[in-house]
Amino acid sequence: MDQDEKTESGIRQQARDLFGSAGGRAKAGVRQAHGFLSGRPRRQQVLIIGVASFVVLLAAFIAYLVILIPLTPGVDDLKQVTSARPSTILSSDGKELGTFEQGLQERVKLSQVSPHVVTALIATEDHRFYDHHGVDFTRIGGAMLASLKGDAQGGSTITQQLARNMFPEEIGRARSINRKLKELITAIKIENTYSKTEILEAYLNTVPFLYNARGIEMAARTYFGKPASRLDVLEAATLVGMLKGTYYYNPVTNPERSLARRNVVLAQMLKRGAFNEARYKALVKRPLRLDFERQAERSGRDNHFTAYVRKWLLEWANENDYDLELDGLVVQTTLDSNLQEAALRAVEKQASALQAVADVEWANPSPPGSTSIGTYTSMRSSIAPFDYYWHTHGAQLDAFVRETPDYRKAVDGGEAPAAALKRIKADRSFMKRLKEAKARLEAGFVAIDPTTGEVKAWVGSRDFARDQFDHVAQAARQPGSTFKPFVYGAALENGIPPEQPYVDAVMDIRAADGTVWRPTDMSGTTGRQMTMRDGLVYSKNTITAQVMRDVGLPPVVKLAQNLGIRQSKLAQVPSLALGTSPVTLLEMVSGYASIAAQGEYRKPVFVRRISDRDGNVIADFATVAPERAMSAASSATLIDMLRGVVNRGTGTAVRYRFGINGDVAGKTGTTQNNADGWFILMHPNLVAGAWVGFNDNRVTMRSSYWGQGGHNAILLVGDFFKSALDAGKIDREALFPGGRPPAPARAREEEPEEEFIEPGDLVEGVPADEPAPVEQSVDEAEEVEDAPMEGVPPPPPTPVPTPLY
């Protein structure tokens with residue numbers, strides 16, 4: 001029995017006690033009434049009975065209200081609102097990750113709020129606000145009549161809404177007469193305690209506006225980038241319009257609904273005389289313009305994972321009628337705090353080292369050409385990072401400037417484009433910030449337990465405070481060769497054995513529309529036969545393309561979607577086989593987790609369960625029913641093929657550099673011009689993947705060596721797995737089906753170059769009879785710490801004489 005039911009039961013008992021003693025007298029009264037009515041005309045009898053019934057019902061209603069009065073918040077409660085408990089986000093091992101405290105709230109005086117807000121609020125929510133004493137009985141009557149006619153309307157005043165905001169637990173949420181009466185009584189008490197100005201002020205400071213913004217001041221900053229005092233009539237109408245349903249009328253996610261609701265508010269303002277018809281017609285034609293920016297959490301503890309959880313929880317709470325800032329819910333996530341720390345350390349250490357590589361390689365015309373991280377970190381302090389890059393990419397730098405808000409604002413304000421560009425480029429401080437932002441290497445990392453689908457570690461960028469764009473769930477980038485296992489998996493599902501021979505040669509593959517695709521490999525072709533297994537191990541584009549030709553595009557797309565690529569749209573073009581269709585890191589790691597789980601897909605889980613403040617579980621997400629995405633036999637064979645990648649293919653660094661000798665399998669990936677580096681590693685207990693690149697993919701790693709996923713992203717994953725194994729978080733002895741412990745890694749191992757998409761590799765629309773381009777071999781490089789790169793570094797691009805500002 002919940003609190004409302006207990007309260008109603010008590011009220012009924014009190015009512016029985018109140019009227020029980022009058023039972024005997026009532027019977028006598030009935031006999032007297034019968035005698036009184038028996039000699040009167042029928043019409044008089046009906047009238048007398050009706051009046052008497054109304055009086056009795058009214059008396060009962062008044063008695064009911066009298067009983068409820070002490071059960072509602074008192075004056076002391078109004079002046080010292082019941083202390084609220086914010087909901088808490090915990091890791092799987094009980095460590096606090098964040099809270100939903102009312103930190104994003106800044107109380108302001110009514111004089112600090114735009115008059116447009118007050119006008120819009122009163123016109124829309126309670127136009128008789130100054131004429132009632134907390135309850136507008138006239139409006140309630142009108143709402144009841146409208147509801148009876150099929151047009152459901154609410155009759156709550158601003159004061160009643162404030163009562164709900166202030167006392168959500170005491171008044172409750174159930175749609176019952178009991179709850180409504182408690183709300184009415186509390187509203188009357190508020191009116192007798194506070195002035196109308198104080199009520200408006202309290203209401204505007206406590207109403208929630210999503211994104212953890214509470215109150216009109218934080219809402220104004222969140223949605224329009226300005227204080228509440230500067231909101232114009234359209235912005236005020238937009239925010240007031242959200243009050244009918246913050247999630248439904250969210251201008252960020254539902255702009256069309258928000259615009260329509262804003263215009264309804266403007267119509268109400270017109271009706272109440274806020275402006276004339278001509279002004280109204282002009283206003284409703286204006287577009288919905290936002291300057292949205294979620295305000296930073298004052299707790300300073302948020303990261304990309306908690307931000308993702310918060311977004312999901314806000315939607316969940318809205319759908320399930322909970323207030324995360326007041327209800328004190330306990331949200332247990334799947335994140336393992338120790339694995340998360342290991343991931344953070346790996347990203348910080350290895351991405352910083354790779355940043356030094358990028359800084360040094362782009363600092364001078366001739367890069368060092370070393371395979372040693374130490375070479376670059378030792379040189380970092382003596383060079384001007386990216387100096388050579390900016391000197392030789394003047395047109396690109398101009399394009400970056402033209403894309404900034406400062407430039408667009410200047411041009412929109414009437415300044416000549418050339419003059420605006422020159423003026424902004426002359427601002428040394430501005431240009432320094434712009435160059436640093438564009439030249440900052442970024443990374444994303446996520447780890448999933450394949451047996452449960454639970455997310456164990458999540459790092460969305462190198463620094464959440466600096467870059468809140470999430471490279472795990474938000475960033476969609478080309479996956480390169482990490483997509484190839486889906487092609488080979490589809491082949492296995494279609495009965496093609498791993499030892500199926502293919503010719504390592506450039507071939508014309510005709511698409512359905514008649515165009516010809518001619519994929520090539522950087523390292524050249526041998527013209528010899530190669531098994532499908534080795535095609536994956538050595539990441540050969542030529543072999544992968546032939547496998548895709550034999551299988552067909554639809555099976556490849558279907559398998560990728562079944563395994564986990566369920567958000568991003570996969571373009572059904574031949575080059576999909578080489579990873580040209582952008583996807584998120586979360587999707588890719590989820591796909592590999594499905595392979596590791598012997599072909600069973602589990603939707604990634606990041607919240608295990610939610611409990612109320614008393615410890616009662618109100619939602620449980622721990623059990624995820626798996627979906628069969630791929631046969632167990634095919635997944636076991638595919639895992640074995642991917643073992644070869646880390647044993648003798650492009651992912652060997654994970655063994656000899658980090659000493660990971662367990663039963664692991666994985667795949668590297670690199671995209672055109674070294675824009676994206678990927679590596680995903682599978683272990684029976686854990687699957688982890690990393691992406692490395694620049695936010696703007698026009699900026700890339702300079703050398704093909706350090707631009708490869710097998711030399712950059714692999715460092716993050718290897719570092720993480722080493723920590724996880726050393727800490728005993730995953731079992732060193734765990735084996736995949738059919739697996740056996742590998743031999744210890746040798747101190748030095750040769751590794752093939754990662755094959756990735758270069759300009760000209762994907763040739764669409766080439767006549768079938770045109771000869772294939774001649775392939776030039778590329779020397780294979782050895783990745784050995786402190787050993788120089790073999791061969792001559794590639795010549796630097798031709799400098800463009802552009803002054804550096």
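How many aromatic pairs does the count come to? The count comes to 23 aromatic pairs, where rings of Phe, Tyr and Trp (its six-membered ring) pair if their centres lie within 6.5 Å.

## Model and confidence

This is a predicted model, in which local features need pLDDT of at least 70, side-chain atom pairs count only at pLDDT 80 or more, and totals for chains, interfaces and linings use all residues. Residues are numbered from 1 along each chain as its sequence is written, and side-chain values use heavy atoms, leaving out hydrogens and water.

The protein chain has an average pLDDT (the predictor's confidence in each residue, from 0 to 100) of 83, and 79% of the residues score at least 70.

## Aromatic pairs

A pair of aromatic rings is described by the distance of the centres and the angle of the planes. Planes under 30 degrees apart count as stacked, over 60 as edge-to-face and the rest as tilted. Tyr223 and Phe292 form a tilted pair, because their ring centres are 5.8 Å apart and their planes lie at 50°. Tyr223 is buried at 0% relative accessibility, whereas Phe292 is partly exposed at 32%; buried means under 20% relative accessible area, exposed over 50%, and partly exposed in between (1.4 Å probe, protein chains only).

The pair of Phe386 and Trp390 is also tilted, with centres 6.5 Å apart and planes at 40°. Phe386 is buried, with a relative accessible area of 1%, and Trp390 is buried as well, at 5%.

## Aromatic cluster

One aromatic cluster is formed by Phe305, Tyr308, Trp312, Trp458, Phe606 and Phe621.
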